[in-house]
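Visitor: I have not seen this structure before. Please take me through some of its local features by question and answer.

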Amino acid sequence: MNPIDTPAWRALAAHAEAIRPQHLRELFADDPQRFAHFSLHHDGLLLDYSKQRVSADTLRLLREYAETADVDGWKQKMLAGETINHTEGRAVRHMALRAGEQAPSEVQLVLSRLQAFCERIHSGEWRGFSGERVTDVVNIGIGGSDLGPRMATLALAARQQPDITVHFIANVDSADIAPLLARLNPRTTLFIVASKTFTTLETLTNARTARDWLLATVVQESAIARHFVAISTNLELTRQFGISPENVFEFWDWVGGRFSLWSAIGLSLALAIGWKNFEQLLAGARAMDQHFIEAPAAENLPLTLALISLWNTNFLGATTEAMLPYSQSLHLLPAYLQQLEMESLGKQVDRDGNMPGIATSPVIWGESGTNGQHSFYQLCHQGGRIIPADFIALRENDFPLPGHHTALLANCLAQAAALAFGQTAEEVRSTGITEDLVPYKIFPGNQPSSTLLLPNLTPYTLGQVLALFEHKVFCLGALWNLNAFDQWGVELGKQLAGQLTPLLSGEGDASAFDSSTRGLIAALKG
């Protein structure tokens, strides 16, 4: 059934009309214990959602809708390995990648191979064609084969292994790869080519450029096997490229790219932080998996985040959601969550092939604090739009220096409070400001936000947070009756790019394209 046709949805819509006029100031005044009533603690994490525009009745109605949408039933289908990615005929089993001793044998085999490979690199046993040890690793991938390990490598920079530096190349624009290659030594550089099919245009273009760069130094093609490994299922194409079969690490079609950090795609991360730290990342995610599976609705962190997002999007009319990590190490987390949420939930057709008739994924965006305060926060405070936000902060900094972290946390708490409560005209006047400036100093407030507080930023806590948002996406897929695990929207552009590539080289007939595209082709060809 379409969500909007259910009694639970209609009850939420009626409730929204009653609560929408209420300001967060009123909600806090009505409940002096609001923080205690609207926050969750689990395994060192604190989720404070007291600044969301919700009441106890809101949460009750949202959880009733979650029962109507059968979130628990979909969860059981996923755990049972059913084909819940129905458009691609695939199960969804990314939790199996971090299941530890309960992981499938094929997962344990690949993880053991990854561990052995990491140890060979870190110990210096693996050598390049000249006999020198590896000092630089370049991950060549795109999308889920790039964003996950890139984000996590930056996030865990405090645990960077000595004597090895990991780099990431994704964009087919030569400006991405050329400056990096100019700084590297081909004798001490290892490339990881991450492409399930080993046919991804951007990845293979960059990989071939890297191979040519290597062969410009050594003419023997056998050297490729000492400087290239692959994460792929296509052993024939990797062999043709020059990569030895024993250096090809498998992952499976039941792992979507944006859920693949825990698989062999995480090899670059494991090389950056060491295998023991990578295992801790898996352990943190596994702990969050157990919480998601076992915790009741009222205590379930992923479900709570999903229900709040649904409420803000479908009943308060928000079109965006800001991710605001007050941690420079988490600078790439908003970009990672953009792919995770918008590629999963940016759908206009539901599981039944129908138009749902409701907004689905909000636009996910953000920046690390305090940088964002000097760019877009003005709009959040006084721009007249509802912009929900998730603040993420650390009790302890990963790079402690006197004075820095206290200032960072003070700004985080201040911004969340200012967005929630604002500043009235009377409060402005009480400062003695001239009357003509009063309108400019008014802050409407009532901007909803949650704050996720981590004890610190470790592989374990990062694993917890990433799995938390993965499960939030799963819940929203069930709540909106969407398949959150396909991504057909990325295909059309790829197909058209394949048709346009020869036209830009002067080959073929462009008459099938529109006049704008034909005009741009002509302009680009000069």
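Visitor: Which helices each supply at least two residues of the lining of the second largest pocket?
Guide: This is a predicted model, in which local features need pLDDT of at least 70, side-chain atom pairs count only at pLDDT 80 or more, and totals for chains, interfaces and linings use all residues. Residues are numbered from 1 along each chain as its sequence is written, and side-chain values use heavy atoms, with hydrogens and water left out. Helices (H or I, at least four residues) and strands (E, at least two) are DSSP runs numbered from the N terminus. On that basis, the helices that each supply at least two residues of this lining are helix 5 and helix 13 (275-294).

Visitor: Which of the elements gives the most to the lining of the second largest pocket?
Guide: A pocket is an open set of points on a 1 Å grid over the protein atoms alone, where a 1.4 Å probe fits, with protein on both sides within 12 Å along at least five of seven lines; lining residues have an atom within 4 Å of a point. The second largest pocket has 14 lining residues, and Leu79, Met95, Ala96, Ala99 and Ile293 lie nearest its centre. With four residues, the most is given by helix 13.

Visitor: How much space lies in the largest pocket?
Guide: A volume is the space filled by probe spheres set on the grid points, which are joined across faces, edges and corners. For the second largest pocket this gives about 270 Å³. For the largest pocket it gives about 1100 Å³.

Visitor: Which element provides the largest share of the lining of the largest pocket?
Guide: The largest pocket is lined by 40 residues, with Thr200, Gln487, Val490, Glu491 and Lys494 the closest to its centre. Two or more lining residues come from each of helix 9 (201-215), helix 15 (333-345) and helix 21 (491-504). The largest share is four residues, from helix 21.

Visitor: Why are helix 14 and helix 20 called oblique to each other?
Guide: Two packed helices are described by the angle between their axes and the distance between the axes. Helix 14 (residues 301-314) and helix 20 (residues 459-479) have axes 8 Å apart and pack at about 55 degrees. Angles under 35 degrees count as roughly parallel, over 145 as roughly antiparallel, 65 to 115 as roughly perpendicular and the rest as oblique. The angle of about 55 degrees therefore makes helix 14 and helix 20 oblique.

Visitor: Is aspartate 163 buried or exposed?
Guide: Aspartate 163 is in the loop between helix 7 (147-155) and strand 4 (165-169), and its phi is positive, near 70 degrees, in a residue other than glycine. Buried means under 20% relative accessible area, exposed over 50%, and partly exposed in between (1.4 Å probe, protein chains only). At 66% relative accessibility, aspartate 163 is exposed.

Visitor: What is the relative accessible area of aspartate 70?
Guide: Aspartate 70 lies in the loop between helix 4 (56-68) and helix 5 (71-79). Although not a glycine, aspartate 70 has a positive phi of about 60 degrees. Aspartate 70 counts as partly exposed, because its relative accessible area is 35%.

Notes:
Axes are lines fitted to C-alpha atoms, for helices over the stretch in contact, and angles run from 0 to 180 degrees between N-to-C directions.
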